[in-house]
Amino acid sequence: MRRILWFRRDLRVEDNPLLSQEGDALPIFIFDPTILEPLPSNDRRVTFIFNTLLHLKSALRVCGLDLALFYGKPTDVFEWLLKNASYHNVCASGDYDAYSLQRDREISHLIEFNRIHDTYIFHPDEVLKKDGTPYQVFTPFYNCAKTVFNSTHMAEFAPVSQSLIDFDYTKIHHIDENGHSSIPLSLQSIGFEPQPLTANQKMSPNEKLKSFASKLNHYSHDRDYMILDATSSLSADLRFGTISIRTLLRWLSKQKKLGIDTEPFFRQLIFRDFYAMLLYHFPHLATQNFRYRFKGNPNDHYFKSFCTAQTGVPIVDAGVRELLETGKMHNRVRMICASFFTKNLLLPWQWGEAFFAQHLMDYDAASNILSWQWSAGTGVDPQPYFRIFNPYTQAHKFDKDKMYIKKYLPKHYNTLPIVDHQESSKKALVYFRSSISDIKII
Ligand SMILES: Cc1cc2nc3c(=O)[nH]c(=O)nc-3n(C[C@H](O)[C@H](O)[C@H](O)COP(=O)(O)OP(=O)(O)OC[C@H]3O[C@@H](n4cnc5c(N)ncnc54)[C@H](O)[C@@H]3O)c2cc1C
């Protein structure tokens with residue numbers, strides 16, 4: 001059996017079901033121009049992915065394998081591969097956003113496509129209501145998920161010995177409508193400049209787990225305080241699969257046996273599954289409201305002020321500066337910023353979602369889209385439209401000594417806000433209520 005092992009959101013050797021079947025293997029990764037071309041040459045995620053791929057290549061070599069790198073549209077790559085050698089099938093882990101599902105569908109018309117369950121705890125059809133329909137409210141989903149969850153969701157996949165298919169693993173294979181050419185194996189040859197990563201972004205998932213172990217007991221309380229380094233920082237690792245979700249769950253189970261309260265952290269992992277399940281079942285959520293016809297008021301001046309950290313609201317501007325400087329933003333600050341964006345500035349949530357997508361190191365379509373819809377009050381199980389975070393009281397509560405704000409704001413920072421919180425909140429409520437007569441659950 002000659003199999004193409006297509007690495008996508010599972011860039012690791014450890015606990016990878018892709019590597020747990022015998023046969024002749026061609027492990028590949030594809031740089032997809034549809035995803036890469038819109039990105040600026042200084043996108044730090046591409047540096048992260050490139051470094052991770054080099055690491056993966058070496059780790060595969062230790063197992064007697066290697067990784068062939070391609071640049072091209074996935075359908076062109078598979079057409080070329082099939083023309084130039086015979087393969088029986090392709091194996092890849094599930095990727096559930098609309099673009100990925102459509103891409104995989106097209107490839108399944110060319111070659112047998114085996115989708116392996118790996119990225120999430122549950123398959124998107126595994127935790128459903130009794131009538132077989134998807135949950136739309138988190139708490140019942142969470143309660144059901146806990147009853148479905150068992151040791152199989154933590155099973156470990158050890159690599160088995162596979163024979164490496166003969167191929168040129170030293171170059172990037174550029175495939176386009178003109179055919180095949182080879183380009184050097186470097187970031188520059190696919191149009192990107194290496195970017196400096198933060199110390200945290202350079203840490204391995206195991207190092208992060210070691211450092212997080214002592215914080216887990218206080219996670220539930222400390223996770224909201226933005227200056228504290230109280231969370232796992234594993235979101236980008238979970239996004240790109242540099243840690244397996246099952247490895248994380250086994251680690252969590254060990255912590256539980258030590259008497260640590262693991263429930264609050266487990267709950268967040270279930271949120272990740274909930275959002276992926278929703279986007280899988282309701283792909284239109286990527287661009288459309290789930291409920292209400294709130295559209296927001298497009299306003300370029302407000303949008304520009306937000307994106308350049310010049311709203312005059314300290315916690316919001318500090319958050320945006322953290323994002324622009326590091327590719328990270330603390331979860332509570334994401335919530336404050338998204339509420340300010342959609343409710344005080346009344347901007348369309350889709351604009352904020354796209355801005356985060358452009359900069360977040362851990363950008364994940366399902367988590368980002370559904371979190372933005374939650375903040376805007378338009379999503380499945382949303383925060384009520386009339387709940388508007390007060391960015392000043394939030395900052396007072398979770399950044400009392402302004403340490404986070406001071407860390408990111410420049411000295412000459414201008415605190416003249418572009419909108420007054422009370423006034424803009426009242427205006428937003430009038431806007432939302434006037435749209436309510438038009439309530440439409442789509
Ligand atoms: C407006 C907005 C946009 C967001 N966009 C993204 C995104 O693009 N990618 C992303 O991974 N998360 C997103 N989140 C969720 C959350 O902010 C990040 O997952 C978290 O800040 C990552 O830090 P951590 O790994 O230290 O999280 P931890 O607190 O250590 O949580 C552990 C893991 O659980 C998952 N998780 C935690 N909180 C959430 C949540 N609210 N929703 C879904 N999964 C969660 C993540 O995979 C995270 O790594 C967004 C939240 C908001 C409010």
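**Helix packing and a domain interface**

In helix α7, L209, F212 and A213 meet L248, W251 and Q255 of α10, where contact means heavy atoms within 4.5 Å. By class, this contact of α7 with α10 has five nonpolar residues, one polar and no charged; Ala, Val, Leu, Ile, Met, Phe, Trp, Tyr, Cys and Pro count as nonpolar, Asp, Glu, Lys and Arg as charged, and the others, Gly among them, as polar. The model is predicted, and local features need pLDDT of at least 70, side-chain atom pairs count only at pLDDT 80 or more, while totals for chains, interfaces and linings use all residues. Residues are numbered from 1 along each chain as its sequence is written, and side-chain values use heavy atoms, with hydrogens and water left out.

The axes of α7 (residues 205-213) and α10 (residues 245-257) come within 12 Å and cross at roughly 25°. That makes α7 roughly parallel to α10, since angles under 35 degrees count as roughly parallel, over 145 as roughly antiparallel, 65 to 115 as roughly perpendicular and the rest as oblique. Axes are lines fitted to C-alpha atoms, for helices over the stretch in contact, and angles run from 0 to 180 degrees between N-to-C directions. Helices (H or I, at least four residues) are DSSP runs, numbered from the N terminus. The crossing of α7 and α10 is right-handed, meaning that the near helix is turned clockwise from the far one by less than a right angle.

The axes of α11 (residues 263-281) and α16 (residues 365-376) come within 8 Å and cross at roughly 90°. That makes α11 roughly perpendicular to α16. On α11 the contact is made by Y275, A276, L278 and L279, and on α16 by A365, A366, S367, I369, L370, S371 and W374. These residues divide into nine nonpolar, two polar and no charged.

The domain assignment, which is automatic or from a database, gives domain 1 (1-119), domain 2 (120-156 + 206-281) and domain 3 (300-436). The C-alpha centres of domains 2 and 3 lie 25 Å apart. In contact across this boundary are 18 residues of domain 2 and 26 residues of domain 3. The two domains bury about 1900 Å² between them, 64% of it on carbon and sulfur atoms; buried area is the accessible area (1.4 Å probe) that two parts lose on being put together, summed over both. Of the area that domain 2 buries against domain 3, M226, I227 and Y275 supply 38%, more than any other three residues.

Terms used:
Helix = DSSP H or I, 4+ residues; strand = E, 2+ residues; numbered from the N terminus.
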